[in-house]
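Let's take a walk through this structure together. Have a look at it first, then read on.

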Amino acid sequence: MFQTRPLAFHCLLLLLLLGSFILSLSLGSMTVATGSLVEVLLGRLSGDVVTGTADMVIWQIRMPRVCLSILVGACLAMSGAMVQGLFRNPLADPSLIGVSGGAAVGAALAIVLGGSWSWFAPDWNLPLFAFMGGALVTALVYRLGVGPLGTSVATMLLAGVAINAMTSACISYLATTAEDVRLRNLVYWLMGSFNVASWQKVSWVAPFALLSLLMIPFLWKGLNALLLGESEARHLGIQVERLRRRVIILAALAVGVSVASVGVIGFVGLVVPHIVRLMLGPDHRWLLTGSALLGAALLSLADLAARLVVEPLELPVGVLTAALGAPFFLFLVVQRRRGQMYGV
Amino acid sequence: MGSEPVLQMTGLSFRAAGRTLLQPTDLHVLEGECMAVVGPNGAGKSTLFRLLSGEWAPSAGQVMFDGTPLAKWSLAQLAQVRAVMPQSSSLSFPFAARDVILMGRMPHATGREVDAAIVEEVMTVCDVQHLAQRHYTALSGGERQRVQLARVLTQIWQPVALGRRLLLLDEPTSALDLAHQLDLMRLIRDVCGKAVTVLVIVHDLNLAARFADRIMMLHNGQPVAVGSPDEVMRPDLIECVFNVKAQVIEHPLYGCPLVVS
């Protein structure tokens, strides 16, 4: 499997992403024929807008949603891969170790108390607070879980359990004390679904998805060296502290804006890098970009499925990723126990 | 063999939690020399190693490398001239062995072709070509140790303008069978011949006696003897330090001291 040429695999992933993009735009409660899809897109691109139902459905409803699911998928998968590299442990997932929970508390705080800070970039309160919550938890778990001999999986996951318990308590507390209007906003957001997608949310996530992508060339070597061990990385000339700071901030940013825009979506950061590692090996040079593409494709497909399976209702996509991801995680744990886990 | 010390320790000592793990130690390691450090468990070998590798900061004294205090070296420059092989490595991701070895070229900007050629050469020398495509995680302890050795050798294989090269090894033979122990020590000797200075912590006195130019013996965090194998491998010293009755005879084949207990 490892001989799979990285470039070919990336091309395959791009095709998959393109396919899921087109499918997600065309399918739904109203199926749009490929012809009118092309017509609407060309119209929008050339500035010569064809008004009508097709344009409404595709450009104003589905497009932001598809873009958001692609961006969030890329963000979650990339930060999953980065966090796993940082922890030297393929079982680290932003949602399992509490990073998403921390971001959720930040976001909930912003929603419930947000009015009081309206003087400060009101549009950005939500992602900003989510980022701070996420960064705090990442740094905390790192402190707790990483010793001189590497990470203790047990400590890391147990810390995650405790942090997740705390964060859900915090959110419940915030929900009980919130005013009615804010409570409605909070509950709506907590459901964690892409049906709240908007171009504004796309504009939150896009810069940080791009930032993570652009940082890959500066991170992959260091992350590879870090897998050898912290002092080994230092002896190879890597500034481990700086690398760690960068990864924590990037992951917290990417997870933070994702959580702020669509709520907590678990297991993407665990499953996606795992599949890419199976195909391309653990080299971060390809792992990070591959995870971005596959995460984008898989989450947009998952959202499409969430829209279609119980039509005319809609599943929160977080329910779907948890239903698929949690058994996968259990499978990894069992494999690991048998000592054959790929990667541990 | 040059005469200016590559590695120079002056009054180097380390205290932690009220205990002195290393008494003030002075030692010069000359260019191209192979210096072995021996001593029983808890003698301070690992402490010394961590101070020399810069992992721990000394409580007093200092380490000079190539005329500059260790603390003044930048990580990036140090990585070009000095390689460190720790006792065990925690790599738990399935890199191909060749990719692990290639990581040794990370500090250098020599380009892909040069790096690949060096990796090939080192793999041949270390007898690990047959492991090249195997996953590191699937290798035995001894194979991993040889791959790690190949990685650190790759790091300092070529002379660099920056300065003289140094290799620090912490018990590199601990997981090896007899044949590979001898191969590895012979290899380290050959590297010395290529003008790399070596400091190696060795468990086996006879390996040290056969392959080192000089030996430092540690006991309770204190250097008790420094000198040529003949000077250090004395029955009285070994009995005092290792608490075993031993005889030292001349090795029938190599003429070096041979410790028989």
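Start with helix H3(A), where a kink of about 45° lies at Arg62(A), shortly before the proline Pro64(A). Keep in mind that this is a predicted model.

How far apart are the end C-alpha atoms of helix H3 of chain A? They sit 49 Å apart. The helix runs over residues 53–87, and at 1.5 Å a residue its 35 residues should span 51 Å, so the two values agree.

Is H3(A) out in the open or largely enclosed? Count the buried residues: 27 of the 35 are buried, so the rest of the structure largely encloses H3(A).

## Where the two chains meet

Chain A brings 23 residues to the contact, and chain B brings 21 residues. On chain A's side, helix H8 (199–228) and helix H9 (230–235) each supply at least two residues. H8(A) gives the largest share of that side, with five residues.

What kinds of residues make up the side of chain A that touches chain B? You'll find nine nonpolar, nine polar and five charged.

## Chain B as a whole

Now over to chain B, which has nine helices and twelve strands. Its radius of gyration is 18 Å, close to the 18 Å from the globule rule for 261 residues, so chain B is as compact as a globular protein of that length. Along the principal axes, its C-alpha atoms fill a box of roughly 55 × 45 × 40 Å.

Of the 261 residues in chain B, 48% count as buried. Among the contacts in chain B with a separation of 6 or more, 68% come from residues 24 or more positions apart.

Key
Residues are numbered from 1 along each chain as its sequence is written. Chains are lettered from A and ligands numbered from 1 in the order in which they are written. This is a predicted model: local features need pLDDT of at least 70, side-chain atom pairs count only at pLDDT 80 or more; totals for chains, interfaces and linings use all residues. Two residues are in contact if their C-beta atoms, placed from the backbone, lie within 7 Å. Helices (H or I, at least four residues) and strands (E, at least two) are DSSP runs, numbered from the N terminus. Ala, Val, Leu, Ile, Met, Phe, Trp, Tyr, Cys and Pro count as nonpolar, Asp, Glu, Lys and Arg as charged, and the others, Gly among them, as polar. The expected span of a helix is 1.5 Å times one less than its number of residues. The bend at a residue is the angle between axes fitted to the seven residues ending there and the seven starting there. A residue is buried if 20 or more other C-beta atoms lie within 10 Å of its own, exposed if 12 or fewer, and partly exposed in between; C-beta atoms are placed from the backbone. The radius of gyration is taken over C-alpha atoms; the globule rule is 2.2 Å times the number of residues to the power 0.38.
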